[in-house]
Amino acid sequence: MITIKNPVLTGFHPDPSMIRVGEDYYIAVSTFEWFPGVEIYHSKNLRDWELAVRPLNRLSQLNMTGEASSKGVWAPCLSYHNGKFYLIYSDMKSTGVFYDVNNYLVTAEDIQGPWSEPIYMNSSGFDPSLFHDDDGRKWFVNMFSDFRTWKVRFSGIVLQEYSEEEQRLTGEPVRIFAGTPARTTEGPHLYKRDGWYYLFCAEGGTGVRHQETVLRSRNVEGPYEVSPFTPLITGWPYADNPIQKAGHASLVEGNNGEWYLAHLCGRPVEGKYCILGRETAIQKVVWENDWPRLAGGSSKPQTEVEVNYPDTDDETRQKGAGYFGDWRDDFSGSTWDAHFQTLRVPMGDKASMTARPGWLRMYGRESLESCYDQSFLGFRQQHFCVQADTKAEFAPVSHQQMAGLTYFYNGSCFYYLYVTHDEELGRVLTVMRKLPEGFDMPAGAGIPLPQEGPVWMRMMVRYGDAQFYYSLDGEKYEKIGPQLDARRMSDEEGPGRFTGAFFGICCQDISGRRRAADFDFVEYRVLTDTDQTE
């Protein structure tokens, strides 16, 4: 037996869709405005996960230019049938009175790809899912939106048949579930077991009242009855539990005789702020009178789960190592580390690994507020106590030219330590703070720097506290600017926020001259309570 310590995918990894193919487990998660789109993780034992692929890696599959923060790729659904992987995803363009969203399907014979060009499905609502019935028919479900003021906005779940031969939906959509009083019905997945069709739905919104509702029917088109064990999982009644926001789940039968549930969750700091975003956890499921329920008999998400797989002494595969531990990129290869993502579109010619061997050169583009053309490489905060470091060389000639290290939620919420130019002081290092309620520069014009040479930059985060540091020799570091509030990097700090805290290296030149900055390395290190910066 081994012990899963939840969450298994730490940091921003929401809306898990889990499947098993032979001995292999895969989980696909949402990426919102981060490119490439969708992350698929792989495991053999449900405890140790590594990034396998980001399948939406071409503009022909996903172009999010101009899309606002927390739009983009919502709630992918991964499935496998007859030797082929199917990936359904939403590209959310805008939310307001209306939901402007397009749903697509891509396929691949190997999880690594190549993944096909997208097939358009529909636009009637988000969170689409594809179910492969044992009679060969395929069924598509999604939440159905209704903007009319006298109707429920999340109007239930609709089902429609998909013709693989014609590569389109056929027939008319049928509403198979209108939702429970928990409301905000979304995230549907269909399963079949022993002649029963099971409909899994997320309800209660993505905050503290989030839950998973299960229904069943003998007919795929219904009528469906709600499980007596509803909600299947939720954190709401268990205020002291470290895992909250539990819901948006997917079900899988293991190859070891057990059943498992992958679900969205959050771990609040100070009882409220989920700085790491919405994460992915795994629970064990048992069956009672042909209904699924959590092992243990309650709806409470567990922080540790025993699963029936042999233990291993291989330390490199233990939780906290590999993809979810310390890492460093010295930019000595042909491309940057897999932890990095860009905003909305590929980096393209905005960065080069060859212009200065052993360094990453980034060419200045638009500001951190822009939804269009940024020169930015971001990476998730995956631990509560962490340190992010970089070393940069930059020779600006204008205050409109900037390069450095950012602690970033979105274009309306970030902290930025950067090198720039001041008319009186010359090259300086300073800090800007952008929050939804306003913008300021708490370090003023900043600290004068030598007119050439490298600057080492560091951000340390401990739960709700964040602090920038700098060094001119890579040995002795000094604080710069005030202590910053890391809690502002959480979903709870504003409506319509669905991602999580990122760090990033970036370069801006809003004069349009495309001044370049060089970065020698990026390092991510998990901290203990005793780690200090001298």
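Visitor: Which residues does the UniProt annotation "active site" cover?
Guide: The unreviewed UniProt entry puts that annotation on D15 and E186. UniProt annotations may be inferred rather than shown by experiment. The two are spread over 172 residues of sequence, yet they cluster in space, with a largest C-alpha distance of 10.9 Å.

Visitor: What am I looking at, and how are residues numbered?
Guide: This is a predicted model, where local features need pLDDT of at least 70, side-chain atom pairs count only at pLDDT 80 or more, and totals for chains, interfaces and linings use all residues. Residues are numbered from 1 along each chain as its sequence is written, and side-chain values use heavy atoms, leaving out hydrogens and water.

Visitor: Is D15 buried or exposed?
Guide: D15 is buried, at a relative accessible area of 5%. Buried means under 20% relative accessible area, exposed over 50%, partly exposed in between (1.4 Å probe, protein chains only).

Visitor: And where is D15?
Guide: D15 is in the loop between β1 (2–5) and β2 (17–21). Strands are DSSP runs of E, at least two residues, numbered from the N terminus.

Visitor: What does D15 contact?
Guide: Leaving aside neighbours within four places in sequence, its contacts include H248 and R278. Contact means heavy atoms within 4.5 Å.

Visitor: Now E186. Where is that, and is it buried or exposed?
Guide: E186 is in strand β15 (residues 186–193). E186 is buried, with a relative accessible area of 7%.

Visitor: What does E186 touch?
Guide: Not counting residues up to four places away in sequence, E186 touches several residues, among them D127, C201 and H210.

Methods
Helices (H or I, at least four residues) and strands (E, at least two) are DSSP runs, numbered from the N terminus.
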